[in-house]
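Please find below my notes on the model, as numbered points.

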Amino acid sequence: MNRPPKVSLIVATYNWPEALKLCLASIADQSVLPDEVIIADDGSTEETDQLIERMRPLLPIPVVHVWQEDKGFRLTKIRNKAIAKASYEYIIQVDGDLILQKHFVRDHLEVSRPGHFVAGSRTMINETLSKRLLQSGKHLLNPYRSGIGNRLNAIRNKIFRSRLTTRYKPGNLEKLRGCNMAFWKKDLIATNGYNEAFEGWGKEDNEIAYRLSNANITKLALKFGGVVYHLHHRENCRGLCQKNQALLQQTIESRITRCTLGLDQYLVKKPAVSSPLVSVVVVTLNAGRSLQRCIDSIHTQSYPALQLIVIDGGSADNTTAILEENSHRISYWTSERDGGVYDAMNKAIEKAEGEWIYFIGADDEMTPDFSKLASQLTDKNTIYYGSVWKEDKKYLGKMSAYAHAKTGINHQAMIYPSSVFRKYRYDTDYCISADHVLNMWCWKDPSIHFQFVDHVIANFSANGLSSKYKDQLFEKRKAALILRNYGPVIWSRFIFKQYKASKKLKRANQAADRQFIPANFFK
């Protein structure tokens, strides 16, 4: 028996956290859980984000919140961003105003077949029952409850379902419900996902179905299964429906299979060159003042094989606007809340496809020498490092074992082979010095080497966190980390120098105390 595919469940939402709460509760109650939930948020306020954080503990699977700025109804765009974010091969798509029957995911998996997409139905809930459910927070429903419309769509029957899968309106793509559909991710990539030329409500689901059908990816109907209950709300504005209808008609008549403005904007892109690919990672939070300069410094590099990945922590300034303006330069970017700079870096590593990975801050800039160092990367078991400019001075240079342990190599001076991250990740317990800890582990690892190349590859900003603050947990554990990773000789030297420094500081403090004039001196 073939194993069922792994599933990313995408939930579209906009400023209705009460409904999203019921939807997520019904997902948590599934007999077969999806492998991840991706919330495709078309610009909701902070209230939705707070709800998602409260609901996370109830879902024993990853919950990813993909958010975009509110610029009107842009469902096609946010769905594409969510699809690009999906980690798994099969995508089930719902709306956040649905309550999913307990076996919804299971039913979808049972009808899934390669070379097909699935279109389900919905059961309507009247206004009175919808209000009652929203107020109570209860999500358990059955087809016979008062307030349920078109009850036939709420009945599960495996025999009827299997008979209707290929027989129910097989050529009819006009009556689709985008709130209950499923696709293979590779098919969406082949047809370029949703067509973002569609603006406002209407016809975007029909259009993608026609393109899939034109590409010989045929519809399967999910009747008597995959049950969802639709909460009552006012209908969306349909002012742009005529324009969207014209776009749909063009797809039908011209048998278009792939749209121009679609999913590929958000997928990780590989340069088509022979040089080894270097993934450049930038993590941001409210970096609108400096981000454009950083991106420009990357874009102007002479090295031909750079893949830029930007992970934004949910900025409130113009950072996301800058990212959207530079999307043609960026292989992948997302904006969502994270657990800090190293959590964001770990997320970026999952998206990096390069043989080499380089991390740079949004307030730092690459120099032309970065390309010189990149062209010298050869040994995939070696971490290559150079220097940086810090306040117009060349910073650090070649490091001894002791300097490596005590001070650490500047993060912006290092290019890692991706093999490092198949063994290690940044330890997010350290809020400022996780890169130093990672380098300590690598120093101890006999399969990893460090090599200095005398290039100054970045302008390092002295305004970052590491320049202003110390990582208290790291400082507390530093001596133990040095002993474990560098051995007793380096550790003894570190302890002795710490002792000398503390004695010197104590003498300085005592001298300073003697210089104070007693308060009663002039009495």
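1. Helix α5 covers residues 127-136, and Leu129, Ser130 and Leu133 are its buried residues. Buried here means under 20% relative accessible area and exposed over 50%, with partly exposed in between, for a 1.4 Å probe and protein chains only. Viewed down the axis of α5, the buried residues fall within an arc of 105 degrees, so they line one face of the helix; the arc is that of the directions from the helix axis to the C-beta atoms. Thr128 and Gln135, on the other side of α5, are exposed. Helices (H or I, at least four residues) and strands (E, at least two) are DSSP runs, numbered from the N terminus.

2. This is a predicted model, in which local features need pLDDT of at least 70 and side-chain atom pairs count only at pLDDT 80 or more, while totals for chains, interfaces and linings use all residues. Residues are numbered from 1 along each chain as its sequence is written, and side-chain values use heavy atoms, with hydrogens and water left out.

3. What do the buried residues of α5 pack against? They pack against α1 (17-28) and β5, where contact means heavy atoms within 4.5 Å. At the start of α5, the backbone nitrogen of threonine 128 has a side-chain oxygen of asparagine 126 within 3.3 Å. Glycine 137 follows α5 and has a positive phi, near 80 degrees.

4. Serine 26 belongs to helix α1. Its relative accessibility is 1%, so serine 26 counts as buried. With neighbours within four places in sequence left aside, serine 26 is in contact with Leu98, Ile99, Leu100 and His139.

5. β5 is part of an open sheet of 3 strands, in the order β5-β10-β7 and with mixed pairing. β5 (98-100) and β7 (123-124) are at the edges with a single partner strand each, so one side of each is left without a neighbour in the sheet. Two strands pair if DSSP finds at least two bridges between them. β7 pairs with strand β10 (residues 228-230) in the parallel sense, over 2 bridges. In this pairing, threonine 123 is opposite tyrosine 229 of β10.

6. Aspartate 107 is in helix α4 (residues 104-111). Is aspartate 107 buried or exposed? Its relative accessibility is 0%, so aspartate 107 counts as buried. Not counting residues up to four places away in sequence, aspartate 107 touches Arg156, Arg161, Leu222, Gly225 and Gly226. Aspartate 107 and glycine 226 are 119 residues apart along the chain, yet their C-alpha atoms are separated by 5.2 Å.

7. The unreviewed UniProt entry places the feature "domain: Galactosyltransferase C-terminal" at residues 172-233. UniProt positions are given in the numbering used here, feature names are shortened, and annotations may be inferred rather than shown by experiment. In the model, residues 172-233 are 29% helix and 19% strand, with the end C-alpha atoms 27 Å apart.

8. Strand β14 (residues 356-361) has 6 of its 6 residues buried, so it is largely enclosed by the rest of the structure. Trp356, Tyr358 and Ile360 point one way from β14, and Ile357, Phe359 and Gly361 point the other way. Strand β11 (residues 278-284) runs parallel to β14 and is joined to it by 6 bridges; valine 281 is opposite phenylalanine 359. Strand β18 (residues 414-417) runs antiparallel to β14, with 3 bridges, and isoleucine 415 in β18 is the bridge partner of tyrosine 358.

9. Which members of the largest nonpolar core touch the most other members? Tyr358 and Tyr426 do, in a core of 74 residues. A nonpolar core is a set of buried Ala, Val, Leu, Ile, Met, Phe, Trp, Tyr and Cys residues joined through side-chain atoms within 4.5 Å. Another core, of 32 residues, lies apart from the largest one and has Ala40, Ala119, Leu188 and Ile208 among its members.

10. For the chain as a whole, there are 19 helices and 19 strands. Buried residues are 52% of the 523 residues. The C-alpha trace spans about 90 × 65 × 50 Å along its principal axes. Among contacts between residues at least 6 apart in sequence, 82% join residues at least 24 apart.

Key:
Polar contact = N/O pair within 3.5 Å; in protein donor to acceptor, adjacent residues only side chain to side chain.
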